[in-house]
Amino acid sequence: MTDPRYLAVKLLCKTFGSGGYSNIQLDSGLDSSDLDPRGKRFCSALYYGVIERKITLDSIIDRLSSRPIVRLDQSVLNILRCGIYQLMYMDNVPDNAAVSESVSLAKKFGRTSASGMVNAVLRNFIRQGKKLVLSGTETERLSVKYSVPTDMIESLIIDYGAEKAEKQLELSLEKAPVFLRMNPLKCSEEELLRGLGDIRAEKLADCCYSVSGGDVTATEAFAKGYFHVQDLSSQLCCMGLAPTEKDRVLDICAAPGGKTFTIAELMGGRGKVSAFDLHENRVKLIRSGAQRLGLGNITAAAGDASRFDPEMPLFSKILCDVPCSGLGVIRRKPEIKYKSMSDFERLPEIQFKIAENALNYLEVGGELIYSTCTLRKAENDEVADRLLHAHHELEECPLPTLLGRDFGSRVTFFHETFSGDGFFIAKFRKIR
């Protein structure tokens, strides 16, 4: 049977070497392995944990290793990261097991000459009390403590101040909750709960549940199309659009389709929802999801959100959920936080261009939501302000009450707001 530690190191080498989304890499690796459920859980925890804490782990390794990190073989470095992570964060793993298994991994990866160094680094860490040493500037200390690059921390501090920024960094290391959206076209609440089996579900709002205790996609309820998995903030975004069966709705950047599905369900399976995304292979995800959920009011097609299509009709409601830096979802995709802030410089211009193009399809009196899953003001409020400044036919439009709270026409959801993902929503109305 596959060694879960070996698979974790192998996947980490791939993730840190070639990039890509961690969830896709892990799912592919687990699917092709012969690990039992327990082994898969261990591998997943170790893999995600190392990605989440990479800067912290590297600071420890750099302090204890006689060789600089940049000169370490990647497989050896990831073995050390996994070893330190087990020692520091996995209380159910005995120290001796973490060390001995790491030494064995060095040999399995053909790095026998490095096994002594692996043993020495891990045992020195244990002898020194498994302490995390924080030094340097305040930003540098926060970087090591929360495993976030300094430029990202500085950006958050500029936008929200030091106290708010640190709170987000702290919460970003907590386990992300799982939310689902019940499909009222297919089931009642009683049928949903019965179809979830032993999985616990807490109702937060109409059709919205927080769940725990198992894999919801492996349940009878999922197979029957009783729900789709969707973060609370994304559900609130769709509620903010407030579509009805009389609306013609455009979801201009729709894949993989979660918001499209929620919009279609809020419309009672009636009206018309047109969903577009740039790549056909992603559009297929929307079609297959709509089919599983029995949502016949969705039409999905490939299309470039930044280019005007004169053949497109006008819509009464538009969701413009644009590509973004994703800093609101690093609990779920921790690899995002290791991108350079320079990678995000062009995003506000792309976002503005997409939102401007979406306005071409909005009828007079119609409403548009601009949203992102990031916390950067450059991608959020500044883009919304630019839209208002450049388009005098727009006015800000109040959002409906969401979970008993009024937010005006704009809201930034932080993790502590409703425990969902970091998210931004701004609502506009076309008045002429």
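Reply: In helix α4, the residues K54, I55, T56, L57, D58, I60, I61 and L64 are buried. This is a predicted model, and in it α4 spans residues 54-64 and is mostly covered, with eight of its 11 residues buried. The cover over these buried residues includes α1 (4-18), α3 (37-52), α5 (74-89), α7 (115-127) and α8 (138-146). As background to such a pattern, an α-helix has 3.6 residues a turn, so residues three or four places apart point the same way.

One of the covering helices, α3, also holds S44. S44 counts as buried because its relative accessibility is 17%, and the limit for that class is under 20%. Leaving out residues up to four places away in sequence, S44 touches L26, L30 and G49.

The cysteines may be taken next. C43 is buried, with a relative accessible area of 0%. Its sulfur lies 8.7 Å from the closest cysteine sulfur, that of C82, which is too far for a bond. A disulfide is a covalent bond between the sulfur atoms of two cysteines. C13 is classed as partly exposed because its relative accessibility is 23%.

S172 is placed in the loop between α10 (162-171) and β1 (178-182). With a relative accessibility of 3%, S172 counts as buried. Apart from neighbours within four places in sequence, S172 is in contact with E52, I330, R331 and H415.

R307 occupies the loop between β7 (298-302) and β8 (315-321). R307 counts as exposed because its relative accessibility is 61%, the limit for that class being over 50%. Neighbours within four places in sequence aside, R307 makes contact with N357 and Y361. Between R307 and I51 there are 256 residues in sequence and 36 Å in space, taken from C-alpha to C-alpha.

These parts belong to a chain whose secondary structure comprises 18 helices and 12 strands. Of its 432 residues, 53% count as buried. Among contacts with a separation of 6 or more, 74% are between residues 24 or more positions apart. The radius of gyration is 24 Å, which agrees with the value near 22 Å that a compact globule of 432 residues would have. Along the principal axes, the C-alpha atoms fill a box of roughly 70 × 50 × 40 Å.

Terms used. Residues are numbered from 1 along each chain as its sequence is written. This is a predicted model: local features need pLDDT of at least 70, side-chain atom pairs count only at pLDDT 80 or more; totals for chains, interfaces and linings use all residues. Side-chain values use heavy atoms; hydrogens and water are left out. Buried means under 20% relative accessible area, exposed over 50%, partly exposed in between (1.4 Å probe, protein chains only). A disulfide is a pair of cysteine sulfur atoms within 2.5 Å. Helices (H or I, at least four residues) and strands (E, at least two) are DSSP runs, numbered from the N terminus. The radius of gyration is taken over C-alpha atoms; the globule rule is 2.2 Å times the number of residues to the power 0.38. Contact means heavy atoms within 4.5 Å.
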